[in-house]
Amino acid sequence: MLTPLLFAMARGTRTEAARIVRYGSEYLGRDLRGKGSATTRVARRLDTMRRGERVGLVLSYAVGAALLSLAVVAAVRCVDQMPAGAPSPARLAAARDVVLVGSAALLWLLTVDGRYRGICAPLDRHRRHVETSDQEPSVQMNEPPARTGPCRSCSLRVAGWRA
């Protein structure tokens, strides 16, 4: 039940990152309020996010540590409460929770990344490609970005992060 949700989240994140790579600050700043160009509004928002990044990372690591501690508690209970003569299927069923919660904890801890870094990486990638391109990107916000295709400013393929 959790797998389709994770796949949907990964697909949505990949699509948003591809749009950031393709359109840059114009895409990010389209809904931000304030004065100035989209680049200025995005820079202010990124500065705010950078200042709050440490708190977000600490909270993410705390959630991962809590999941890992639940896995340890489940392992201790599994070993402690399992009768000595229990059949193998019963042992495997008891260890299932340990494996699932431990895997979720490891997955969480290995993929912790703050929102600031998650936005800056594709934005920097867009900037590098615009700088190395001969022409300015033509940004048309009325046209929805395609899931696949070249970056408007270079030949970068944005779907699935394949260059």
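On a 1 Å grid over the protein atoms alone, a pocket is an open set of points where a 1.4 Å probe fits, with protein on both sides within 12 Å along at least five of seven lines, and its lining residues have an atom within 4 Å of a point. The model is predicted, so local features need pLDDT of at least 70 and side-chain atom pairs count only at pLDDT 80 or more, while totals for chains, interfaces and linings use all residues. Residues are numbered from 1 along each chain as its sequence is written, and side-chain values use heavy atoms, with hydrogens and water left out.

The second largest pocket is lined by Tyr27, Leu28, Arg30, Asp31, Leu32, Val42, Arg45, Leu46, Met49, Arg115 and Ile119. Two or more of its lining residues come from each of α2 (25-28), α3 (38-51) and α6; helices are DSSP runs (H or I, at least four residues) numbered from the N terminus. The largest share, four residues, comes from α3. Seven lining residues are nonpolar, none polar and four charged, where Ala, Val, Leu, Ile, Met, Phe, Trp, Tyr, Cys and Pro count as nonpolar, Asp, Glu, Lys and Arg as charged, and the others, Gly among them, as polar.

Helices α3 and α6 also pack against each other, at an angle of about 140° and with axes 9 Å apart. Axes are lines fitted to C-alpha atoms, for helices over the stretch in contact, and angles run from 0 to 180 degrees between N-to-C directions. In this contact (heavy atoms within 4.5 Å), α3 supplies Val42, Arg45, Leu46, Met49 and Arg50, and α6 supplies Arg115, Tyr116, Ile119, Cys120 and Leu123. Seven of these residues are nonpolar, none polar and three charged.

A further helix pair is α4 (residues 53-81) and α5 (residues 88-110), packed at an angle of about 160° with their axes 8 Å apart. That angle makes α4 roughly antiparallel to α5 (over 145 degrees). Residues of α4 in the contact include Ser60, Tyr61 and Leu67, and those of α5 include Val98, Trp108 and Leu109. The contact has 18 nonpolar, three polar and no charged residues.

The largest pocket has a volume of about 970 Å³, a volume being the space filled by probe spheres set on grid points, which are joined across faces, edges and corners. Of its 23 lining residues, Leu6, Met9, Leu107, Trp108 and Thr111 lie nearest the centre. Helix α1 gives the most to this lining, with eight residues.

Terms used
Angles under 35 degrees count as roughly parallel, over 145 as roughly antiparallel, 65 to 115 as roughly perpendicular and the rest as oblique.
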